[in-house]
Amino acid sequence: MSFNYCERTSFALFDEPINAISNIAFMICGYYLIKNTKEKNSYLGYLIIFIGAGSFLFHLIPLPLFAFLDVFAIVLFIYFYNFSLCNKILKIKKLYSNLLSFLILIASFFIGKILSESLIGSSGFYLGLIIYMFLILFFLKKKELIKHFLFSTIIFTFSLFLRSMDFYLCEYFFSVGSHFLWHMLNALVLYRLTIFLNLTNGSSPKKPT
């Protein structure tokens, strides 16, 4: 029987301990953002924690409900982050920012469907996001802050490569695969993307209490 990830060998509870536990990276990054970001932007920290929680539950035991929560959390972050990016940073009207966020998700979904049988498998969904992130770089104006977005884009590209290589590494090199590295690097990516949004939008960290 074939499973979604290298580490999982059965449908038993906690059969993916490394994949599950690695989601703590999302929890840590989300918590730090909530504690150190102004209230108006702290919601992204909560969404990052939601991503970690959804992914943890799904890797704990792959029930349909947990699979839905895993995907739903990711979709929520993409939608709301891109809305803020377009509206607050690129100064696009709210209506068009909402529309663009929706279209990005739809386009990524269809790219994923097209590439689902290719070497990268289910990682195809994220390929569209990487292309979009590289395009966004050309529209960012605060050159001194672009490094944060560029760094996130490069790390995200590398983490997607590791996600795609999970089964290949499992078979020939690394017995637990590489999906846990996707979690840890993506937590860093989401953290840096949020930092970029806060800095570019003029939000500063809270003063220590």
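Phe14 is partly exposed, with a relative accessible area of 38%; here buried means under 20% relative accessible area, exposed over 50%, and partly exposed in between, with a 1.4 Å probe and protein chains only. Phe14 belongs to the segment before H1, and its phi is positive, about 60°, although the residue is not a glycine. The model is a predicted one, in which local features need pLDDT of at least 70 and side-chain atom pairs count only at pLDDT 80 or more, whereas totals for chains, interfaces and linings use all residues. Residues are numbered from 1 along each chain as its sequence is written, and side-chain values use heavy atoms, with hydrogens and water left out.

Lys91 also has a positive phi of about 60° without being a glycine. Lys91 sits in the loop between helix H4 (64–89) and helix H5 (94–115), and at 63% relative accessibility it counts as exposed.

**Overall architecture**

The protein chain has nine helices and zero strands, where helices (H or I, at least four residues) and strands (E, at least two) are DSSP runs numbered from the N terminus. The radius of gyration of the chain is 17 Å, close to the 17 Å that the globule rule gives for 209 residues, so the chain is as compact as a globular protein of that length. That radius is taken over C-alpha atoms, and the globule rule is 2.2 Å times the number of residues to the power 0.38. Along its principal axes, the C-alpha trace spans about 50 × 45 × 30 Å.

Buried residues account for 47% of the 209 residues. Of the contacts between residues at least 6 apart in sequence, 62% join residues at least 24 apart, a contact meaning heavy atoms within 4.5 Å. The accessible surface comes to about 11500 Å², with 74% of it belonging to carbon and sulfur atoms; such areas come from the Shrake-Rupley method with a 1.4 Å probe, and for residues only the protein chains shown count as cover.

The chain carries 17 positive and 9 negative charges, whose mean positions are 24 Å apart. Lys and Arg count as positive and Asp and Glu as negative, while His and the chain ends are not counted; each charge is placed at NZ of Lys, CZ of Arg, CG of Asp or CD of Glu.

**The disulfide and the cysteines**

The structure holds one disulfide, defined as a pair of cysteine sulfur atoms within 2.5 Å. This bond joins Cys6 to Cys170, with an S to S distance of 2.1 Å. Cys6 lies in the segment before helix H1 (17–21) and Cys170 in helix H8 (residues 166–172), so the pair ties together parts that are 164 residues apart in sequence. The torsion about the S-S bond is about 75°, so the disulfide is right-handed.

| Residue | Relative accessible area | Class |
|---|---|---|
| Cys6 | 7% | buried |
| Cys29 | 16% | buried |
| Cys86 | 0% | buried |
| Cys170 | 24% | partly exposed |

**Ser152**

Ser152 is found in helix H7 (residues 146–164) and is buried, with a relative accessible area of 0%. Not counting residues up to four places away in sequence, Ser152 touches Met133, Val189, Arg192 and Leu193. Its C-alpha atom is separated by 24 Å from that of Tyr5, which is 147 residues away along the chain.
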